[in-house]
Amino acid sequence: MSSKEAEEFRNALLDISSHMVKLDCPFDRVRCAEWARKLASIPDDYLETSKIKNEYAQLLRIQVRNKCVHGPFEHPPPRGALSPLAEYLGNIVCKEVSFLPKMGPISPVLHHKSPDGRAYVSVKQIPGGGVLCYMAVSPDGLES
């Protein structure tokens, strides 16, 4: 995880901890603390895991600030690895709309960050054919 992402994650946890005491429901406060502990315990050695960790932290931050905890945070965090947030939210929608098929794993076919940290490319296969490509380029580097 880059220092910028690590700082964003720390700031999100600080924000969550300062706002979760204002939640009306004590069960919501306990679940927020459980989720914060779970997210903090996830190693950030790999780009994908740090991305997943930050996505959940930012969503929890928004919900706690608005005093409305829902979605993945209505339940205690899973014991194992977290699935990507998009996959989890897709499965929530599929539960509510019974005729939609359950979401499978959403994983990139390819992802690569340049050694200098100035470029990132991710390619994902689209079901039924085709690919979705994402590229980010920064003159200052993505690490700064």
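This briefing covers how helix α3 packs against helices α1 and α2. The model is predicted. Helix α3 spans residues 47-65 and comes within 10 Å of helix α2, axis to axis. Helix α1 also packs on α3, with the axes 9 Å apart.

**α2 against α3**

- Helix α2 covers residues 26-41, and its axis crosses that of α3 at roughly 155 degrees.
- An angle over 145 degrees counts as roughly antiparallel, so α2 is roughly antiparallel to α3.
- The crossing of α2 past α3 is left-handed.
- From α2, the contact uses C32, W35, L39 and A40.
- From α3, the partners are K53, Y56, A57, L60 and V64.
- By class, the residues of this α2–α3 contact are 8 nonpolar, no polar and 1 charged.

**α1 against α3**

- Helix α1 runs over residues 3-20 and meets α3 at an angle of about 30 degrees.
- Angles under 35 degrees count as roughly parallel, so α1 is roughly parallel to α3.
- This pair, α1 and α3, also makes a left-handed crossing.
- On the α1 side, E5, E8, F9, N11, A12, D15, I16, H19 and M20 make the contact.
- On the α3 side, the residues are S50, K53, N54, A57, Q58, L60, R61, V64 and R65.
- The α1–α3 contact residues split into 7 nonpolar, 5 polar and 6 charged.

**Residues of α3 that face both helices**

Note on methods:
Residues numbered from 1 in each chain as written. Predicted model: local features only at pLDDT ≥ 70, side-chain atom pairs only at ≥ 80, totals over all residues. Heavy atoms only, no water. Axes fitted to C-alpha atoms, helices over the stretch in contact; angles between N-to-C directions. Helix = DSSP H or I, 4+ residues; strand = E, 2+ residues; numbered from the N terminus. Parallel < 35°, antiparallel > 145°, perpendicular 65-115°, else oblique. Left-handed = near helix turned anticlockwise from the far one by under 90°. Contact = heavy atoms within 4.5 Å. Nonpolar A, V, L, I, M, F, W, Y, C, P; charged D, E, K, R; others polar.
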